[in-house]
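My entries follow in the order in which I looked.

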Amino acid sequence: MTSPADSRRLSVAIIVRDSLEALRETLASVREFADEIVVLDTGSRVPPRELAAQYGARLFEHPWDDDFSAARNACLAHVTGDWILWLDAGECLSRGDAQQLREFVSQRAQSQTAYLLLVRVPARGPRAAAEQVARIRLLPRHPRIQFRGRVRETVAE
């Protein structure tokens with residue numbers, strides 16, 4: 001018998017602009033565990049339509065207005081899952097972390113709580129270093145939850 005927690009749908013929400021290779025890495029890292037992938041393009045010279053389709057993602061467009069929260073909120077408007085993992089193009093999850101995240105959402109995540117997650121950002125170029133960033137990345141989908149702040153945006157209710 002399936003419990004309500006077993007049917008929790010996990011959506012991945014990604015904003016992107018002119019970062020096809022970075023987006024490819026992110027899509028490859030999430031496609032095995034996400035129930036839905038939503039990509040919001042904020043004005044790429046070459047919109048990633050084919051790439052998004054190749055990974056089963058739905059692509060939407062939103063004009064860039066110099067506000068990361070506005071872009072994230074526009075992306076959230078298209079998400080249908082119970083839980084949302086938001087990522088930027090280039091941020092990836094290892095296979096093991098992805099599996100643990102999926103199990104956590106299905107079995108233990110509390111619907112009134114947002115969660116910090118370590119996300120790997122790969123090195124871009126010979127002089128850059130890879131890093132791990134811990135921020136609130138996993139949220140329950142709720143109409144009152146929105147991003148605030150033009151830059152260094154944060155989740156608020």
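I began with the accessible surface of the protein, which comes to about 8,800 Å², with 48% of it belonging to carbon and sulfur atoms; such areas come from the Shrake-Rupley method with a 1.4 Å probe, and for residues only the protein chains shown count as cover. I noted that this is a predicted model, in which local features need pLDDT of at least 70 and side-chain atom pairs count only at pLDDT 80 or more, while totals for chains, interfaces and linings use all residues. Residues are numbered from 1 along each chain as its sequence is written, and side-chain values use heavy atoms, with hydrogens and water left out.

Overall build. I found four helices and eight strands, where helices (H or I, at least four residues) and strands (E, at least two) are DSSP runs numbered from the N terminus. Read from the N terminus, the elements run β-α-β-α-β-α-β-α-β-β-β-β. The radius of gyration is 15 Å, close to the 15 Å from the globule rule for 157 residues, so the protein is as compact as a globular protein of that length; the radius is taken over C-alpha atoms, and the rule is 2.2 Å times the number of residues to the power 0.38.

I traced six strands in an open sheet of mixed pairing, in the order S3-S2-S1-S4-S6-S5, where two strands pair if DSSP finds at least two bridges between them. Strand S3 (58–61) and strand S5 (115–121) are the edge strands, each pairing on one side only. Strand S2 (residues 36–41) pairs with S3 in the parallel sense over four bridges, and Val 38 stands opposite Arg 58 in S3.

Helices on the sheet. Helix H1 (residues 20–30) packs on the sheet and touches strand S1 (10–16), S2 and strand S4 (83–88), its direction making about 175° with that of S1. Contact here means heavy atoms within 4.5 Å; axes are lines fitted to C-alpha atoms, for helices over the stretch in contact, and angles run from 0 to 180 degrees between N-to-C directions. Helix H3 (residues 68–76) lies across S1, S2 and S4 at about 140° to S1. H3 is mostly covered, with seven of its nine residues buried, among them Arg 72, Asn 73 and Cys 75; the buried residues pack against S1, S2, S4 and strand S7 (146–148).

Helix H4. I checked the length of H4 (residues 95–107): at 1.5 Å a residue its 13 residues should span 18 Å, and its end C-alpha atoms are 18 Å apart, which agrees; the expected span is 1.5 Å times one less than the number of residues. Its buried residues include Leu 101, Arg 102 and Phe 104, and their cover includes S1, H1, S4, S5 and strand S6 (131–140).

One residue. Is Ser 11 buried or exposed? Ser 11, in strand S1, has 0% relative accessibility and therefore counts as buried. Leaving aside neighbours within four places in sequence, I listed its contacts as Glu 36, Val 79, Thr 80, Gly 81, Trp 83, Ile 84 and Leu 85.

Note on methods. Buried < 20%, exposed > 50% of the residue type's maximum accessible area, 1.4 Å probe, protein only.
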